[in-house]
Amino acid sequence: MKIIVVGPGALGCLIAAHLKNKTKEEIWLLDEFADRAKKISLDGVRLEGPGGPFTAKVNVTANVKDIGICDLVIMCVKSYSTDDACKEIKDIVSEKTGILTLQNGIGNVQILNDHFGPDRVIAGVTNHGSTLIGTGHVRHAGKGDTTIGKADGRVLGAIREVAGVLTKAGFETKVSRDIDSVVWSKLIVNVGINALTAITRLNNGALLEHEGCRQIMRSAVQEAVKVVKRKRIKLMYDDPIQKVESVCRATSSNVSSMLQDILSKNRTEIDFINGAIVR
């Protein structure tokens, strides 16, 4: 299987390195910038964390013509770049190519559907934590579940094959018949944590140490839950506020992806997380 991971950020590098290191598939990493692609190609993707430090030599390019038609695309770009990334990869996507999104927020599946049609698109959520330390250099902050599925609930052989490859690479992956529930359940957690950490510059766990932060968190979660109920989506937990607070405790030292963006002076994914609730 020829697999292309789009986006050399923390998650993209993490997935590409493990796929290269633990499977026999042909792995490519597609970058937006040629200079960065060249550096990662020369130095490899360097990982720290569970399993010990290692370096994976991955095929890296900024030119899709180097890759050719692929079997699976794993979309790991920031949500605001999804539309541009779809335009970039159109020439290497065939009628048999699967396109998996493991991105944050709500809206990416619709963008992929608009470009490639819903038959080829697979939605997904991963709870692996990763932090980009430098170019092609990632700290694997912690393992978690990965869940994928089709919006229409069908469990096809192709999806099971994708789940099998990811599991072999070290990302224990389940297939869900109700992927909307999985995606929205993670969104609720992100709605409560990410923007608040970005505003306050606090790690996840520190949010619970300030009553003002806890009140804002609860209000944001309650607002999101109203939308979920109106959309008749069943969440994977009974008490959303308790769930969000438990995630804060479990990831107490974690620097959220949105805070990482703020500290790096990069654009955030606010429009696809809290902004999705507003829409």
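Buried means under 20% relative accessible area, exposed over 50%, and partly exposed in between, with a 1.4 Å probe and protein chains only. The model is predicted, so local features need pLDDT of at least 70 and side-chain atom pairs count only at pLDDT 80 or more, while totals for chains, interfaces and linings use all residues. Residues are numbered from 1 along each chain as its sequence is written, and side-chain values use heavy atoms, with hydrogens and water left out.

View A. C13 is buried, its relative accessible area being 0%. Leaving aside residues up to four places away in sequence, C13 touches G7, P8, L29, V45, G136 and V138, where contact means heavy atoms within 4.5 Å. V58, 45 residues from C13 in sequence, lies 9.3 Å from C13 in space, C-alpha to C-alpha.

**View B. The open sheet of 4 strands, in the order β4-β3-β10-β9 with mixed pairing.** Strands are DSSP runs (E, at least two residues), as helices are (H or I, at least four), numbered from the N terminus, and two strands pair if DSSP finds at least two bridges between them. Because β4 (54-56) and β9 (129-134) stand at the edges with a single partner strand each, one side of each is left without a neighbour in the sheet. Strand β3 (residues 45-48) runs antiparallel to β4 and is joined to it by 3 bridges; L47 has F54 in β4 as its bridge partner.
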